[in-house]
Amino acid sequence: MSATLSARRAAVPAVDRPSLVAALSRPAVPLWFEVVFWLAAVGIFFVIPDRALLLNDIAILGLFALSLDLILGYAGIVSLGHAAFFGAGAYVAGILAVNGFGWPIPGLLLGGLVAALIGFVSGFLILRGSDLTRLMITLGVSLILLELANRFDNWTGGADGLYGATMAPVLGLFDFDLYGHTAYFYSLSVLFLCVLFSRLLIASPFGQSLRAIKDNRMRAAHLGIATSRHLVGIYVVAAFMAGLAGALNAQTTQFASLDVLSFERSADILLILVLGGTGYLYGGLVGAVIFKVLQTVLSDLTPEYWQFWIGLLLVVIVLIGRDRMSERFGQLFSRRARTDGEALP
Amino acid sequence: MSRTIPSASGAVAAAVPALETRGLVKRFGGLVATNDVTLAFEKGARHALIGPNGAGKTTLINLLTGVLSPTEGSVLLGGADVTALTPHQRARRGIARTFQINQLFLDMTPLETVALSAAAARGRAGVWWHRAARERESVERAGGLLERFGLADVMSTRVASLPYGKQRLLEIAVAIASEPEVLLLDEPAAGVPEDERHEILAIVESLPKDVTVVLIEHDMDLVFSFASRITVLVSGAVFTEGTVAEISANPEVRRVYLGEGDA
């Protein structure tokens, strides 16, 4: 398509409505990739049903990483405290379940809503300042929540963790089992719905505005875009999804402890997202698969040092640069394909 | 309000100006960047702001668009005081501007950018429940503008990889896409080869007659061929104002300014 750069007027495409709509509707990733991904996500269960607990972990991590991608990849908000929302969702769902409110979906939604509320309040703090400011503020908010969870141990179980959650069947039909079969399909369904929603969101005028704000906030404001409202808006959505991930984690493991709010969790999820790549919607999901598979394989080989290899991989990816790697592996994703205008001789 | 005014003569003095400043002062510490500026840009005017470097032209644009808030004085848009409004609020009320140095969204395509600008001007930037491609009017307007600006063949190319000249055209297309009532052009021809400058202004000249255009420009040929009224700023204050004929004949203007620009 960009070959027309040199072809001058002769090859000017028609600017009729259908071609405009087609040019605007180019998806972040090709449809075949999405179809293959979701077929594989369902199919893998029947290949390794005994690893359903691992698959469930991956789905939850993927959702958590997707929520971070919404703010980092699409709005340019860096965060070192995203676990704040994961932890809030986990504790809300966990505390509900421990106190006899074990219906999965209402507990899930409440977990997400409480996280969203925290996202709304703290969202105003990240509107100003540099990336460093945002890193510190997000980190600070998560540390505050961690200490609150520690302090109110009559609710959260403190350092001992929150035991004794009993879950009702999902939709009154599917009981949670020890092998994680129900858990995986429950988490995968929630993940699927969140991906669908995010897909719509990033292609909408709201999502386009976020990309503009990320690129040049001052100009975006001069186009009449309410930049602060947009940033708080996406922060709330991301917090909601992170809260869902945390709630899923508490419900499917029937356990929550202080580490749901820990700094390591925030750092890990950032690492996972960077492994998979930001800004094309599936980066967090791909990153979660890579991370968990590597963790499982490597910790079998070298139980003590598996993080060494993860660290090395991260350094290599960041140094070599994802773009150069993806050039090598072919133009997998159309957003990158768009840039080939500059590669033309 | 909807009277169309051939503004050159200022015959319709009674009409509310499209954009107005009253006693505008901006101080940065001890430096007075804008000094008691009272100006009126009539509806449909083609009005140029000229002045030597450091005369405060860009500061004035920043005060008009809300990037800076004045130390004293007020800004009125269509008769309403907008001094307290933010840039995005003023943009929604019909002010659009271009920048001396391109301010584009490098990671987006020209089509995405222009369609977004058109949608934002309609108050549709917050729409999340359907795809941007379904904003019918914005998409059609974007297509028309890209064609007019000769950007149709690169409409799906990443902005960062466009040549400078195309980026400069896009900078202006983005502002026009919002269908502004007042368009502020900060040196639109900066960095554009001389033979292409008139192309840019020809597009601006083809805007609807009731759009107010304020042009900051150093190229006097462009100013004289485009503007019907000219305000000369010197040291942050209004030095003089008049028609093209009056300004070009003013000996003092020739001395302080045209001497250096009219080679």
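Here are some exercises with worked solutions on a predicted model with chains A and B.

**Exercise 1. Get to know chain A.**
Find out how many helices and strands chain A has, and what share of its residues is buried.

*Solution.* Begin with the secondary structure: chain A has 17 helices and zero strands. Next, turn to burial. Of the 345 residues in chain A, 46% are buried. Finally, look at how contacts link up the chain. Taking contacts in chain A between residues at least 6 apart in sequence, 78% connect residues at least 24 apart.

**Exercise 2. Explore the largest nonpolar core.**
Which residues touch the most other members of the largest nonpolar core, and which helix gives the most to this core?

*Solution.* The core holds 174 residues, and Leu63(A) and Ala173(B) are the ones that touch the most other members. The helix that gives the most to this core is helix 4 of chain A, residues 52-75, with 16 residues. Now zoom in on Leu63(A). Setting aside residues up to four places away in sequence, Leu63(A) touches Val190(A), Leu191(A), Cys194(A), Met241(A), Leu244(A) and Ala245(A).

**Exercise 3. Follow helix 4 of chain A to its neighbour.**
Work out how helix 4 and helix 13 of chain A are placed relative to each other.

*Solution.* Start with the axes: those of helix 4 and helix 13 of chain A come within 9 Å and cross at roughly 80 degrees. Angles from 65 to 115 degrees count as roughly perpendicular, and therefore helix 4 and helix 13 of chain A are roughly perpendicular to each other. Who makes the contact? From helix 4 of chain A come Leu61(A), Phe64(A), Ala65(A), Leu68(A), Asp69(A) and Leu72(A), and from helix 13 of chain A come Ile269(A), Leu270(A), Ile272(A), Leu273(A) and Gly276(A). Sorted by class, the residues of this contact are nine nonpolar, one polar and one charged.

**Exercise 4. Look at helix 14 of chain A.**
Compare the length of helix 14 of chain A with what is expected, then find what its buried residues pack against.

*Solution.* Helix 14 of chain A covers residues 283-301, which makes 19 residues. From first C-alpha to last it reaches 26 Å, close to the 27 Å expected at 1.5 Å a residue. Its buried residues are Gly283(A), Gly284(A), Leu285(A), Val286(A), Gly287(A), Ala288(A), Val289(A) and Phe291(A). These buried residues of helix 14 pack against helix 4 and helix 13 of chain A.

**Exercise 5. Cross over to chain B.**
Describe the side of chain A that touches chain B, then examine a helix pair that joins the two chains.

*Solution.* Count the residues: 38 residues of chain A are in contact with 46 residues of chain B. On the chain A side, helices 1, 2, 9, 10 and 11 give two or more residues. Helix 10 of chain A supplies the largest share, seven residues. By class, this side of chain A has 20 nonpolar, twelve polar and six charged residues.

For the helix pair, take helix 2 of chain A and helix 4 of chain B, which pack at an angle of about 105 degrees with their axes 10 Å apart. These two helices are therefore roughly perpendicular to each other. The contact brings Arg17(A), Leu20(A), Val21(A) and Leu24(A) to Val139(B), Glu140(B) and Gly143(B).

**Exercise 6. Buried or exposed?**
Decide how enclosed helix 3 of chain B is, then classify Val256(B) and Glu252(B).

*Solution.* In helix 3 of chain B, residues 110-121, the end C-alpha atoms are 17 Å apart, which agrees with the 16 Å that its twelve residues should span. Twelve of the twelve residues are buried, so helix 3 of chain B is largely enclosed by the rest of the structure. The buried residues of this helix pack against helix 2 and helix 10 of chain A, together with helix 4 and helix 5 of chain B.

Now move to helix 9 of chain B, where Val256(B) and Glu252(B) are found. Val256(B) has 17 C-beta neighbours inside 10 Å, so Val256(B) counts as partly exposed. Glu252(B) has 12 other C-beta atoms within 10 Å and is exposed. Beyond its neighbours within four places in sequence, Val256(B) is in contact with Pro52(B), Val234(B) and Phe239(B).

Methods: Residues are numbered from 1 along each chain as its sequence is written. Chains are lettered from A and ligands numbered from 1 in the order in which they are written. This is a predicted model: local features need pLDDT of at least 70, side-chain atom pairs count only at pLDDT 80 or more; totals for chains, interfaces and linings use all residues. A nonpolar core is a set of buried Ala, Val, Leu, Ile, Met, Phe, Trp, Tyr and Cys residues joined through C-beta atoms within 7 Å. A residue is buried if 20 or more other C-beta atoms lie within 10 Å of its own, exposed if 12 or fewer, and partly exposed in between; C-beta atoms are placed from the backbone. Helices (H or I, at least four residues) and strands (E, at least two) are DSSP runs, numbered from the N terminus. Two residues are in contact if their C-beta atoms, placed from the backbone, lie within 7 Å. Ala, Val, Leu, Ile, Met, Phe, Trp, Tyr, Cys and Pro count as nonpolar, Asp, Glu, Lys and Arg as charged, and the others, Gly among them, as polar. Axes are lines fitted to C-alpha atoms, for helices over the stretch in contact, and angles run from 0 to 180 degrees between N-to-C directions. Angles under 35 degrees count as roughly parallel, over 145 as roughly antiparallel, 65 to 115 as roughly perpendicular and the rest as oblique. The expected span of a helix is 1.5 Å times one less than its number of residues.
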